[in-house]
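Subject: Structure handover

Hello,

Please find the structure below. My notes on it follow.

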Amino acid sequence: MKQGAISYLPLLILAALWELVTRLGLVSRALLPPFSVVLVALAHMLADGSLLRNAVPSLLRGAAGLALAIVVGFGLGAGMALLPRFRAAFGPLVQAFYPLPKTALVPLVMVWFGLGDTAKIVLIFLGCLLPVILGTYNGIRGVDHVLVWSARSLGASRRDVLREVLLPAAMPQILIGLRTATAFAFLLMVASELIIANNGLGFLIGSLGDDGAYPAMFAAILTITALGFLADRGFAALSAHLLRWRI
Amino acid sequence: MTDKSVPTGIVITGLSHDYTPRAGTRVRALEDVSLTVATGSFHALLGPSGCGKSTLLYCIGGFLPVQIGSIRTDRGLVTAPGPDRGVVFQNFALFPWKTVLQNILYGIGKRGIRGAEARDRAQRFIDLVHLTGFEASFPGQLSGGMQQRAALARTLAAEPDILLMDEPFGALDAQTRRIMQEELLGIWRQTGKTVVFVTHDVAEAVYLADEISVMSARPGRIRRTLSAGFNRAADPAVFKRPDFAEQVELIWQMVRAEVDDARRPVSA
């Protein structure tokens, strides 16, 4: 674990530099409040509960959209990988939808689903869907057919093969898709809350920025960064556990 | 060793098989193959690469559909893969996410055996292939030879009537291959299974098999079936016997003729 701690040293250096350039007046405090001032604001926001009050709805929206995307995306990806007709029907849709920046859908989704949680969850769902579909599809398509044959000759039914062979064999690709999807969930969560919301971390950043409360705004940005980082680390730990057979 | 499998022969009649490559026209891979493999015998399919010997094996395995002709075992016509026909693949085809023990338990579990009885059975086969102590290893941690031992144990533990082997030692180094050949013969004598063994190595075929079918390329046909029978000698030094060398040379000449045939450009 000692090495793990050392690998975070660059972050510490960055924080020290941040503090230094603002204290020395190299950067205007109006543009970038000193790191220590941001930390004080962060402590205040933790104490008065405003951070938690906004973080919880954000994370719930992110988790709901991501969970929905995992379920639907896995179904679509597996269907496309296994059934030629399914692939013919959905393949062109996926290809057409793929290059579209999902943030472009924010206004449309707001018009369709209103200004509440539904719109934000739908947006996160749409953004996370493609990486899950592609990870599942590529993962299953890439499975060596000899693995399927060996399972069948050991007595596995066609139905067994999906759960017992294709899913675990495709898991490395599926997890890559899920990791990308998790990052997209944070992106779309903040983007949707920045535009229209009455709570959430994105809303907090927007309203603090409008009020000119820059130290607090930076504190909110730091919080999202930390949450995203923790989610990614947690995800990496889960991947390492699930893929411990890959030596 | 308690074994629910029933030794059975294989009768192949007039089997032809076509396949269509992803970009291309239909190719005939097998042409009118008829072959009888006696119960409990060790049969080698020998031929140049591309002669359809693996295709024939995969038809017996039920992985490729029987299009023309028929394949019959004592259990009936072959129409799909089944645990009565165990397969050992060249690249082992172990489940990389399962340990050696879990791989072997997979086939045993499919036979409806669970709990302590399943673990006992798995352990017996792990011991049989000399993998004792590697139960908890993942395939990626093992050498090629050890992976093939694990794959053999997994297939045997599922109690197949017939063992189908597709160049199982082709990916191994020369020393390991020699040891595995000896051990396979030992296991075969012990279990009395019917074996169909695909190889392009003439000496391997002569060393292991009761009968050897020499195949021709494009489309794959069975040119001749010869008996060898050195496998019954229980003597690892048969390699040195002059009659062994003669048999290898004789069959090599036949295979060579097939390779030359295959190389000759198709005349109009």
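How many residues of chain A are in contact with chain B, and with how many residues of chain B? In this predicted model, 13 residues of chain A are in contact with 21 residues of chain B, where contact is defined as C-beta atoms, placed from the backbone, lying within 7 Å. Helix H8 (residues 145–153) of chain A supplies the largest share of the side of chain A that touches chain B, namely six residues. By class, that side of chain A has eight nonpolar, three polar and two charged residues. Here Ala, Val, Leu, Ile, Met, Phe, Trp, Tyr, Cys and Pro count as nonpolar, Asp, Glu, Lys and Arg as charged, and the others, Gly among them, as polar.

On conventions: this is a predicted model, in which local features need pLDDT of at least 70 and side-chain atom pairs count only at pLDDT 80 or more, while totals for chains, interfaces and linings use all residues. Residues are numbered from 1 along each chain as its sequence is written, and chains are lettered from A and ligands numbered from 1 in the order in which they are written. Helices (H or I, at least four residues) and strands (E, at least two) are DSSP runs, numbered from the N terminus.

Within chain A, the axes of helix H7 (residues 117–141) and helix H9 (residues 158–195) come within 7 Å and cross at roughly 160°. Axes are lines fitted to C-alpha atoms, for helices over the stretch in contact, and angles run from 0 to 180 degrees between N-to-C directions. H7(A) is therefore roughly antiparallel to H9(A) (the term applies over 145 degrees). The contact of H7(A) with H9(A) has 18 nonpolar, nine polar and two charged residues.

Chain B has an open sheet of six strands in the order S6-S7-S8-S3-S9-S10, with mixed pairing (two strands pair if DSSP finds at least two bridges between them). S6 and strand S10 (221–227) of chain B stand at the edges with a single partner strand each, so one side of each has no neighbour in the sheet. From one strand to the next, the twist averages 20°. Strand S9 (residues 211–216) of chain B pairs with S10(B) in the antiparallel sense over six bridges. B:Ser213 has B:Thr225 in S10(B) as its bridge partner.

Lastly, B:Ala93 is not a glycine, yet has a positive phi of about 55°. B:Ala93 lies in the loop between strand S6 (85–88) and helix H2 (100–110) of chain B. B:Ala93 is buried, with 25 other C-beta atoms within 10 Å (buried requires 20 or more).

Regards

How values were computed:
Two residues are in contact if their C-beta atoms, placed from the backbone, lie within 7 Å. Angles under 35 degrees count as roughly parallel, over 145 as roughly antiparallel, 65 to 115 as roughly perpendicular and the rest as oblique. A residue is buried if 20 or more other C-beta atoms lie within 10 Å of its own, exposed if 12 or fewer, and partly exposed in between; C-beta atoms are placed from the backbone.
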